[in-house]
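Here is my notebook from a first look around this structure.

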Amino acid sequence: STAHAQASARTAFVHLFEWKWTDVAKECETYLGPKGFAGVQVSPPNEHNWVTSGNGAPYPWWMRYQPVSYNLDRSRSGTRAEFQDMVNRCNAVGVGIYVDAVINHMSGGSSGTSSAGRSWSYHHYPGLYSGYDFHSPVCAVNNYSNADNVQLCELSGLQDLHTGTPYVRGKIADYLVGLANMGVKGFRVDAAKHISPGDLGAIIDNVNSRVATRPYWFLEVIGAPGEAVQPEQYFGLGGGQVNVTEFNYGKQLYGKFANGRLADLETFGPTWGLMPSHKAVAFVDNHDKQRGHGGGGSYLTYHAGSTYNLANVFMLAWPYGYPSVMSSYAFNRASEYDTSFGPPHHSGGATKGPWDGNVSSPACFNQQIGGWVCEHRWRPIGNMVGFRNATLGTWAVTDWWDNDHNQIAFGRGDKGFVVINKEGAALTRNFKTSLPAGRYCDVISGDYLNGSCTGQVVTVDAGGYATLTAPPYGAAAIHVGARMR
Ligand code: LM2
Ligand code: CA
């Protein structure tokens, strides 16, 4: 299990990709806090390049991966004051904010205007960085068998910071310390693979030494066999306390959920080549992989509908890593134009968030372009966060059952039991569980609230047996946090 998760008894987080600060605050208060989410990964909060059109698409999402400064005054998600208000309100309901820290590079291109209306040009960011602060000679990342090429050259033409110098390290650390002092609880280090472990370790140590409480760190390192830079090289950073993204997790789940056999998952974990559980951030998809950015590999996305739901149910029930739930706006995948398309917006590019004009609930579950998908609010996904929190104490898988094909079931000791049915016929069966006798709410067919259940109520007998029904391409799940009174 993971230390950060145990500390809070909240064991999963969500990436609210491209959400506005004012909307994230409302989402914490109305949904994420009550549902037991530990945190929210937010889009990069700093001043960034402003791109009106990319690959023909209006206001591409990826403009935010082109920093212009570490000023929070005006990003696409809102102002510094709105950011602080969000951090405060989310912290107040037990939900930490994790900032996506883009610190490997600055903008791409030769010149431009930022989200705050300021000018910048190649290797020239007024008041922050100039010539000597960038790696030279300038080269392109194009040889993954050479660590220096990966870490000292430009990734996708993005101006590569000389993270070996005290000045650059200091500027980056000041940015992150400032965020921690505002109440930010963690950092996703973007493109960590493109910063040497020595440089990144120095920055992490600098930050950790200057804050009252160490932030939670997870580093984005995409592992691929045979490459010079491997995730393991980053495990020891921050005194060995950091996590690393496990990109093989979602890739392997795709292999089983999209066209393989779920029964194979009985042994899913490090023996499949995954990093140790306590080091890993696990995810079905992320903002890059869902649109084919950031290298190859197939991943399930919300486009897969019920199969996507089931893969997330499995992730949240299975004792591996610290799970990250993806939450998207609708997009098509046909072309570069489609995958560059930014979030729903007003004319001029300001984000039109799911809470815009809505008082009691956000505009979600809209898979047409211009809509927000909000996978984290899909009932099976949102409610399985409660399952994972309730089962934290028993990390072992118990009472495994499968039909040799695509119906599986397993328990988490005396804390929870889940059934996953990726077949076209309903599955009803009397399962052996290790739960205490009692009546439980099936949190897939309904919600548990204040001792009552809007879905199926399941009885576990004195011997631990219970009859559960999982609909076609559906699931059923019971746990001690949703027990009838
Ligand atoms: C990441 N992780 O390591 C982010 O998760 C990923 O989303 C970022 O790429 C990347 N690293 C850099 O932070 C995205 C997007 C790219 C986009 C960059 C910069 O996937 O397509 O590149 O952000 O905005 C774009 C253009 C590209 C151009 C580049 C520089 O698509 O064609 O390259 O800007 O102008 C010349
Ligand atoms: Ca670099």
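**Before I start.** I say that two strands pair if DSSP finds at least two bridges between them. I also remind myself that this is a predicted model.

**Entry 1: the whole chain.** I looked up the secondary structure first, and the protein chain comes to eleven helices and 24 strands. Its radius of gyration is 22 Å, close to the 23 Å that the globule rule gives for 485 residues, so the chain is as compact as a globular protein of that length. I then took the extent of the C-alpha trace along its principal axes, which is about 70 × 50 × 45 Å. Of the 485 residues, 52% are buried. I also checked contacts with a separation of 6 or more, and residues 24 or more positions apart account for 73% of them.

**Entry 2: strand β10.** I picked β10, residues 186–189, and asked which residues cover each side. On one side I found Gly186 and Arg188, on the other Phe187 and Val189, and all of these are buried. Next I looked for partners. Strand β5 (residues 96–101) pairs with β10 in the parallel sense over four bridges, and Ala101 has Val189 as its bridge partner. Strand β11 (residues 216–219) also runs parallel to β10, joined by four bridges, and here Phe187 has Trp217 as its bridge partner. I followed the chain from β10 through helix α6 (residues 197–210) to β11 and noted a right-handed β-α-β crossover.

**Entry 3: the annotated C-terminal span.** I turned to the UniProt record, an unreviewed entry, which lists residues 398–483 as "domain: Alpha-amylase C-terminal". In the model this span is 0% helix and 53% strand, and its end C-alpha atoms lie 20 Å apart.

Entry 4: I moved on to β16, residues 407–411, where four of the five residues are buried. Strand β15 (residues 398–402) runs antiparallel to β16 and is joined to it by three bridges; Asp402 has Ile408 as its bridge partner. Their hairpin has four residues between the strands, and I noted that Asp404 takes a positive phi near 80° there. On the other hand, strand β17 (residues 416–421) is joined to β16 by five bridges, again antiparallel. Ile408 stands opposite Ile420 in β17. This hairpin also has four residues between its strands, and Gly413 takes a positive phi near 60°.

**Entry 5: Ala409.** Leaving aside neighbours within four places in sequence, I found Ala409 in contact with Trp401, Val418, Val419 and Phe431. For a sense of distance, I looked up Arg210, 199 residues away along the chain, and its C-alpha atom is 47 Å from that of Ala409.

**Entry 6: the largest nonpolar core.** In soluble globular proteins, nonpolar side chains tend to be buried together. I looked up the largest nonpolar core here, which has 139 residues, and Val40 and Ala477 touch the most other members. Helix α9 (residues 306–317) gives the most to this core, with eight residues. I finished with Ala477: beyond neighbours within four places in sequence, its contacts include Val313 and Ala317, along with Met384, Phe387 and Val418.

Notes: Residues are numbered from 1 along each chain as its sequence is written. Chains are lettered from A and ligands numbered from 1 in the order in which they are written. UniProt positions are given in the numbering used here, feature names are shortened, and annotations may be inferred rather than shown by experiment. Helices (H or I, at least four residues) and strands (E, at least two) are DSSP runs, numbered from the N terminus. The radius of gyration is taken over C-alpha atoms; the globule rule is 2.2 Å times the number of residues to the power 0.38. A residue is buried if 20 or more other C-beta atoms lie within 10 Å of its own, exposed if 12 or fewer, and partly exposed in between; C-beta atoms are placed from the backbone. Two residues are in contact if their C-beta atoms, placed from the backbone, lie within 7 Å. A crossover is right-handed if, with the strands pointing away from the viewer, the path from the first strand over the helix to the second runs clockwise. A nonpolar core is a set of buried Ala, Val, Leu, Ile, Met, Phe, Trp, Tyr and Cys residues joined through C-beta atoms within 7 Å.
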